[in-house]
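Try each task before you read its solution.

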Amino acid sequence: MTTWSRDFEDISADMLAAVGGKAANLGELTRAGLPVPPGFCITTDAYKEVAALAGISSRFFGGSHDAAKARELILGTPIPSEISKAIVSAYENLGPDVPVAVRSSATAEDLPFASFAGQQDTYLNIVGADAVLDAVRRCWASLWTDRAYAYRATNEIDNRTVALAVVIQRMVQSEVAGVLFTANPVTGRRHEYVIDASPGLGEAVVSGAVNPDHFVVHDGEIVDRRLGDKRVVIRSLPGGGTEHIERESTTDACVTDAQVIALAELGERVEQHYGSPQDTEWAIDADGELWLTQSRPITTLYPLPVRTTSTADTRAYFSFTVAQGLYRPITPSGLAAFRLLASSVSKDILGLPVADPLAGPSGFVEIGMRGYIDATAAVRSEAGRFIMPKVLGVMEARSGKALRTLFDDPRFSLVPAPRRKVIGRVLRLALRLRVPYRVLQAIISPQLAHQFVERVGDEIRRRIALPSTAAPAERLDHVQEVLLRHVFPVVPRVLPSAAAGFLMLGLASKIVGRPGEVQAVLRGLPNNITTEMDLELWNLVTRIQQSDAAELFGTESAEELGKRYQTGTLPDIGLTEFLEIWGDRAVAEIDVGMPRWSDDPTHILGVLANYMRLDDPDAAPDAVFARGAAQAEAAIDRLVAEAPRRKRLLRFALGRARALAGIREMPKYFMVIALGSVRRHLKVIGAELAAAGRIAAPGDVFFLDFQQIRAALGGTALHDVVSRNRESYEQELRRRRIPRVMLSDGTDVESVSQAAATEDGSLPGTPASAGTVTGTARVVLDPVGARLEPGEILVAPSTDPGWTPLFLTAGGLVMEMGGANSHGAVVAREYGIPAVVGVADATHRITTGQTITVDGATGTVIPA
């Protein structure tokens with residue numbers, strides 16, 4: 001054999017990595033005794049030689065026009081005789097003029113974040129040496145189809161790094177064929193075999209030309225069966241090629257139950273061989289023999305949790321980072337911080353010691369570089385079933401709904417526990433944390449509550465302080481101490497004061513009898529730290545308009561303004577003073593690995609430039625806020641006047657709700673201040689490690705956990721560790737669907753029962769801020785650099801305080817996550833903009849430029 005053409009049995013391990021998934025794995029499958037049609041592989045060396053002869057160079061890597069030229073050149077370049085002889089010889093060894101399938105296998109296929117399924121071409125029932133050579137050339141050219149080129153661009157794959165192998169297999173003249181997934185690609189459930197089948201060649205199923213029979217097998221049983229009409233059949237033609245045959249629809253299954261179970265068993269063998277879930281193609285010939293024609297990893301599945309006590313004991317996990325509005329992965333340093341915070345909660349709040357705080361408690365689980373909590377015990381207890389949906393209902397309604405679906409699952413049946421014991425434990429915890437006292441104090445005297453909150457803030461600032469002369473090792477010790485001892489305890493100390501406000505709101509709602517109406521009193525809410533920040537941003541606009549910088553903000557980009565600020569050539573607009581107070585805030589600010597505004601104020605400068613375009617005085621944020629406050633006071637007067645009874649109690653409750661609800665933002669704000677301090681210490685450590693050559697750049701420190709940082713301080717170079725961690729992080733950044741609630745078998749709980757839309761086409765969600773607005777949607781996945789035209793409706797996956805500057809010019813808000821009292825909902829009510837939260841897949845089902853109507857009272861979004 002030459003280096004260009006090898007039988008599957010002869011493909012060596014080093015060659016497998018070069019030719020891509022299909023070619024590599026077929027050889028191994030043959031040796032493993034799996035039913036793979038015989039064939040051979042033309043390696044990537046052959047493609048590279050032909051591409052060089054064709055003159056494909058770096059000038060073909062700039063756009064689709066260049067891709068078309070590359071196809072033309074490859075198709076017009078003769079195959080070198082040595083390569084063509086090797087191909088013909090290997091083909092003839094399969095038999096005289098045997099029909100074959102000619103498949104492309106690019107080196108960029110089957111990556112952890114992209115399968116490239118269908119991006120290159122496959123040719124079926126090719127007969128004769130000349131036809132095989134022509135199909136091989138067309139396979140090579142298909143590396144440069146517009147769809148493959150665009151797919152690589154979307155996944156940021158350098159075209160100069162890709163090559164293409166060609167797999168040639170003896171054609172299976174199938175009576176029935178299709179695809180088999182060894183894990184459910186929709187729900188994520190592992191070891192659930194999903195099969196699509198149709199008469200004829202499998203191309204009908206793969207290409208989507210037919211409505212196939214659909215089967216799902218779990219634990220050896222067919223648990224779902226949906227029969228398609230199978231009106232299109234693709235058959236091989238004598239002498240080569242295929243034909244499409246239209247026929248009458250049929251409701252008869254094209255495979256027997258025994259064949260479905262046999263396919264599932266084959267899928268299990270294939271997955272065991274590879275050690276990961278597989279997307280396979282299969283065929284059954286006229287003799288009833290089952291063949292495996294292709295296998296590739298399923299690249300879209302969300303990772304399984306690492307901490308699983310037993311495969312027999314299904315666990316339920318809830319993502320608290322998604323509930324906090326953080327869809328993106330957490331950096332390794334951010335996850336390290338979360339582990340210590342979780343250890344703090346476990347030991348100091350719940351009274352459960354943690355063996356290794358750096359590893360975190362057993363209930364804290366990292367999945368896909370995101371933070372999850374093992375909620376199994378809560379789902380199996382009466383108290384948990386009562387408390388979790390209630391809390392999540394106002395915080396992250398979709399997660400609460402997903403958890404409720406588990407209550408009827410026999411795997412999560414109730415574990416009996418004495419109700420008195422549970423109640424006693426909760427009361428003891430509340431008393432130890434002085435929750436009743438803080439709630440009562442806030443209701444009696446909001447002023448005392450605010451003074452206490454200020455003292456907590458002063459205390460956390462004192463505890464995070466450290467002399468600037470501290471050595472790197474001292475800084476790391478301090479970081480761990482702060483995270484383990486001082487950060488999370490601010491939550492149970494401050495939150496009861498805010499809870500008192502919402503308790504008063506609930507009391508008022510019961511008196512009024514119309515829950516939705518009392519939400520109006522939360523507009524223009526005082527004592528909200530996020531609102532104060534946003535209004536300070538607006539005050540900067542006034543300074544800009546009166547300074548020499550006004551023209552610059554109307555003509556230069558945010559990046560150009562950022563460079564001016566960093567070089568000191570931007571006129572003074574008060575930004576430095578703003579950042580001294582608010583510089584620890586950021587998008588995804590609960591991750592210490594994310595840059596703060598003080599690190600790079602470009603985003604804020606872009607927001608200010610956008611504010612400059614708001615020319616309606618009545619739409620100015622300070623005017624909107626003042627108007628909202630006046631409307632809230634008027635709503636209190638109206639509700640009290642209309643109340644048939646308990647008027648004085650109602651006015652008292654509404655007043656207290658208004659005075660205390662703004663404290664809701666303070667616990668997170670104090671945590672962000674502490675996390676900002678942690679980040680600054682890590683930056684100093686990173687600079688030290690970079691100077692010592694143990695990492696490449698100071699920012700690499702955020703791609704190490706604390707144990708790795710300590711090892712680097714001890715002298716260990718960690719370039720490879722940083723590179724691996726960064727690669728994993730960047731891969732997870734590409735992931736779009738993140739399970740809010742998932743099971744240890746991979747099931748995305750929400751996907752099992754999720755409704756796409758109501759019958760009238762509207763998208764259901766949770767009411768967040770009353771009012772109705774019709775306008776142009778602007779889908780924003782990342783607020784950094786985003787530009788929102790005044791009056792546009794912001795459609796976002798989630799929001800945190802780093803997003804709220806966009807609210808000031810938004811006409812409405814739609815979010816995929818959140819509940820009635822989540823951050824985005826609270827701020828939307830304060831600004832008086834209609835808002836609906838918890839709208840499943842809103843950023844996919846709504847497009848920028850689309851006209852939509854947001855009804856914040858009913859919780860629906862109606863696309864035009």
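**Exercise 1.** Which residues does L689 touch, not counting residues up to four places away in sequence?

*Solution.* Keep in mind that you're looking at a predicted model. Start by finding L689 in helix α28, which covers residues 666-691. Next, list its partners: R694, I695, V701, I709, A712 and L713. Finally, check accessibility: L689 has a value of 0%, and buried means under 20%, so L689 counts as buried.

**Exercise 2.** Are the planes of the W582 and Y669 rings stacked, tilted or edge-to-face?

*Solution.* A ring pair is described by the distance of the centres and the angle of the planes. There are eight aromatic pairs to pick from. For W582 and Y669, the centres are 6.0 Å apart and the planes make 50 degrees, so this pair is tilted. Now place the two residues: W582 lies in helix α24 (residues 575-582) and Y669 in helix α28, so the pair ties together parts 87 residues apart in sequence. Y669 also pairs with F670, again tilted, with centres 6.0 Å apart and planes at 45 degrees. Put together, ring pairs link F578, W582, Y669 and F670 into a cluster.

**Exercise 3.** Which element of the chain has the lowest mean pLDDT, and which the highest?

*Solution.* Begin with the whole chain: the average pLDDT is 87, and 91% of the residues score at least 70. Then go element by element: helix α1 (residues 13-19) is lowest with a mean of 35, while helix α29 (residues 706-713) is highest with 98. Look also at residues 8-25, where pLDDT stays under 50.

Conventions. Residues numbered from 1 in each chain as written. Predicted model: local features only at pLDDT ≥ 70, side-chain atom pairs only at ≥ 80, totals over all residues. Heavy atoms only, no water. Helix = DSSP H or I, 4+ residues; strand = E, 2+ residues; numbered from the N terminus. Buried < 20%, exposed > 50% of the residue type's maximum accessible area, 1.4 Å probe, protein only. Contact = heavy atoms within 4.5 Å. pLDDT = per-residue confidence, 0-100. Phe/Tyr/Trp six-rings, centres within 6.5 Å; stacked < 30°, edge-to-face > 60°.
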